[in-house]
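User: I would like to learn how to read the features of a protein model step by step. Could you take me through one, giving the general idea before each case?

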Amino acid sequence: MHTAISAKLINVAAAALTGAALLFGAGSGAAHAANKIVARVSLSQQVMEVSVDGRPAFAWKVSTGDGAHVTPTGSFKPTRMHEMWYSKKYDNAPMPHSVFFSGGYAVHATNAIKRLGQPASHGCVRLHPDNAADFYQLVEMFGPTNTSIVIVK
């Protein structure tokens, strides 16, 4: 447990330093290259890998669309964010730390953590609540225009 917490703090600190380099102008070329987040979601592996400035930072289990519901594939930019959202389509289901990327599809927290690692959603990308909060903060820190959500089969 201690190792996981330490690794998480190191990754968050590295992400923050990358953002600080941009803010304090670490050279125009370096600043432009920094400050990019890529969240790659593998539908076949049910994993989201987050890279900051091309460096792996996080790998988290997810739940994506089940057999009856599709998670869209492609490359997306976040379109809106809500610290707490309630699904208008699915009985006001809570969607904490939502980062919407295509219409009603979002990366968000779930309480169904035992189902992470297997398809179980109505098409959204579900994360453990701690991981969803971290992802939300990263997108907030670096900005939606500097964030890509790439979903592959």
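Analyst: The dialogue that follows goes from the overall layout to the sheets, the core, the pocket and a single loop residue. This is a predicted model, in which local features need pLDDT of at least 70 and side-chain atom pairs count only at pLDDT 80 or more, while totals for chains, interfaces and linings use all residues. Residues are numbered from 1 along each chain as its sequence is written, and side-chain values use heavy atoms, with hydrogens and water left out.

User: How many helices and strands are there in the protein chain, and in what pattern do they come along the sequence?

Analyst: Helices (H or I, at least four residues) and strands (E, at least two) are DSSP runs, numbered from the N terminus. Here the protein chain has three helices and nine strands, and read along the sequence they follow the pattern α-α-β-β-β-β-β-β-β-β-α-β.

User: How do I read a sheet, and what is the order of the strands in the open sheet of five?

Analyst: Two strands count as paired if DSSP finds at least two bridges between them. The open sheet of five strands has the order β3-β2-β1-β9-β4, and its pairing is mixed. Because β3 and β4 (74-76) stand at the edges with a single partner strand each, one side of each is left without a neighbour in the sheet. Neighbouring strands of this sheet are turned by 20° against each other on average, direction ignored, where the axes are lines fitted to C-alpha atoms (for helices, over the stretch in contact) and angles run from 0 to 180 degrees between N-to-C directions.

User: Which strands does β1 pair with, and in which sense do they run?

Analyst: β1 is joined to β2 by six bridges, and these two strands run antiparallel, with R40 opposite E49 in β2. The two strands form a hairpin with four residues between them, and Q46 in the turn has a positive phi of about 55°. β1 is also joined to β9 by six bridges, but this pair runs parallel, and S42 has V152 of β9 as its bridge partner. On its other pairing, β2 meets β3 in the antiparallel sense over six bridges, where S51 stands opposite P56.

User: What is the order of the open sheet of four strands, and which helix packs on it?

Analyst: Its order is β5-β6-β7-β8, with mixed pairing. Here β5 (80-86) and β8 (125-127) are the edge strands with a single partner each, so one side of each is left without a neighbour in the sheet. Neighbouring strands are turned by 25° against each other on average, direction ignored. Within the sheet, β6 (residues 94-102) and β7 (residues 105-109) run antiparallel and are joined by three bridges, and V99 stands opposite V107 in β7. Helix α3 (residues 129-142) packs on this sheet and touches β5, β6, β7 and β8, with a direction at about 45° to that of β6; contact here means heavy atoms within 4.5 Å.

User: What is a nonpolar core, and which residues touch the most other members of the largest one?

Analyst: In soluble globular proteins, nonpolar side chains tend to be buried together. A nonpolar core is a set of buried Ala, Val, Leu, Ile, Met, Phe, Trp, Tyr and Cys residues joined through side-chain atoms within 4.5 Å; buried means under 20% relative accessible area, exposed over 50%, and partly exposed in between (1.4 Å probe, protein chains only). The largest core holds 26 residues, of which M48, V50, V107, L127, F135, I149 and I151 touch the most other members. Elements giving two or more residues to this core include β1 (37-42), β2 (47-52) and β9 (147-152), while α3 supplies the largest share, six residues. Not counting residues up to four places away in sequence, V50 touches several residues, including F58, W60, F135 and L138.

User: Which strand gives the most to the lining of the largest pocket?

Analyst: On a 1 Å grid over the protein atoms alone, a pocket is an open set of points with protein on both sides within 12 Å along at least five of seven lines, for a 1.4 Å probe, and lining residues have an atom within 4 Å of a point. The largest pocket is lined by 23 residues, of which S87, Y90, M95, H108 and C124 lie nearest its centre. β6 gives the most to this lining, with four residues.

User: Is Q118 buried, exposed or partly exposed, and what is it in contact with?

Analyst: Q118 lies in the loop between β7 and β8, and at 36% relative accessibility Q118 counts as partly exposed. Leaving aside neighbours within four places in sequence, Q118 is in contact with Q46, V62, S63 and T64. Q118 and T64 are 54 residues apart in sequence and 7.3 Å apart in space, C-alpha to C-alpha.
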